[in-house]
Amino acid sequence: MADKIEDKQDEVVFPENVDQAIIKQIQDIEREVAEQNTLISDLEDISCLKAEYSNEDEVYQRKIEHLSSQYDKIRRVRGDGNCFFRSFGFGCVEYFANNLDALDRFISFAERTKDELIQLGYQSYTVEDFYETFVDTLEMLKKGSTVEEMLKVFRDQALSDYFVVYLRLMVSNYLQQNAEFFSAFIEGEGGMKDFCAHEVEPMAKESDHIHITALTNASGICVRVVYMDRGGSAIVNDHDFPEDGSAPKMCLLYSPGHYNILYPTNDNKQEENS
């Protein structure tokens, strides 16, 4: 399957008026990020965050201390603009590995999305290509693939990116199906379809509140986002999406512009599941 996808990958095409020096700089930065950071890391102890901030930075050091009382592991995700979607995708895989009924519901949701996208006017052969790879990846869990084996899949650039693309299409579809409600939260005069074409569907476009709300509402997969920033007190705050009272199926750590996957301590897991 990886070979099939790799054959279809196209190089990024930049507008003709973009200065060649700028293009080279962008490509160099992307290459450096890729070389220094795997798409999704192994599990690391939460204490690794302390080294990222100065000991004199009391705000962050106190927040890390509070975070460590609730979460003991973290899995880093490459900061390439796709980190929310990649984090969500692998978080789903870890959840579905122990809940195949939820996996079946998610696959049914993916199929509905495909049909609705085609009804919206998207090319069927393009949508179906991403859909098939998306579902093939998830079906590996039914065939007995372990989380470690799935981690290898998500570290494959081609397969991982195809998975992210379809998650982006899920968000685009949901926003367009509910454009009347969500239009109040976007800027510009192009409308929801234009917003999705420029801010949702393209790879490397960072995610905002609207993306998270749409994906969690559409999929029914509750996500707890824990915020690591300078605001508020010495404790970290969190927010569950959607706000329907359901238990979080994964936890993501948000630091300005970036998402990683968090893993609760055993005590905190019991509280979330209660």
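Okay, so two rings of Phe, Tyr or Trp (its six-membered ring) count as a pair if their centres lie within 6.5 Å; planes under 30 degrees apart make the pair stacked, over 60 edge-to-face, and the rest tilted. With that in hand, look at this: ring pairs link Phe-90, Tyr-95, Phe-96, Phe-106, Phe-109, Tyr-131, Phe-134, Phe-154, Phe-163 and Tyr-166 into a cluster.

Quick word on where this comes from. We're looking at a predicted model, where local features need pLDDT of at least 70 and side-chain atom pairs count only at pLDDT 80 or more, while totals for chains, interfaces and linings use all residues. Residues are numbered from 1 along each chain as its sequence is written, and side-chain values use heavy atoms, with hydrogens and water left out.

Back to the rings. How many aromatic pairs does the structure hold? It holds 20. Take Tyr-95 and Phe-96: their ring centres are 5.5 Å apart and their planes sit at 45°, so we call that pair tilted. Now take Tyr-174 and Phe-182, with centres 5.9 Å apart and planes at 70°, so that pair is edge-to-face.

Are these residues buried or exposed? Buried means under 20% relative accessible area, exposed means over 50%, and partly exposed is in between (1.4 Å probe, protein chains only). Phe-96 has 0% relative accessibility, so it counts as buried. Tyr-95, at 17%, is buried too, and so is Phe-182, at 4%.

One more ring thing: Lys-114 lies over the face of Tyr-131, 5.1 Å from the ring centre. The rule there is that NZ of Lys or CZ of Arg has to be within 6 Å of the ring centre and within 35 degrees of the ring normal.

Let's zoom out. The chain has twelve helices and six strands; these are DSSP runs, numbered from the N terminus, with helices being H or I over at least four residues and strands being E over at least two. Of its 274 residues, 44% are buried.

Now the core. A nonpolar core is a set of buried Ala, Val, Leu, Ile, Met, Phe, Trp, Tyr and Cys residues joined through side-chain atoms within 4.5 Å. The largest one here has 59 residues, and those with the most contacts inside it are Phe-88, Phe-96, Phe-106, Phe-134 and Leu-175. Helix α8 (residues 157–177) gives the largest share of this core, ten residues. What does Leu-175 touch, leaving aside its neighbours within four places in sequence? It is in contact (heavy atoms within 4.5 Å) with Phe-182, Met-192, Phe-195, Cys-196, Val-200, Ile-210 and Ala-214. There's also a second, separate core of 13 residues, which includes Ile-46, Leu-49, Tyr-60 and Ile-64.

Gln-61 is buried, with a relative accessible area of 15%. Beyond its neighbours within four places in sequence, Gln-61 is in contact with Lys-50, Tyr-53, Ser-54 and Asn-55.

For contrast, find Asp-194 in helix α10 (residues 191–199). At 36% relative accessibility, Asp-194 counts as partly exposed.

Last stop: helix α11 (residues 209–219). Nine of its eleven residues are buried, so α11 is largely enclosed by the rest of the structure. Among the buried ones are Ile-210 and Ala-214, and both of those are on the contact list of Leu-175. Just after α11, Gly-220 takes a positive phi of about 75°.
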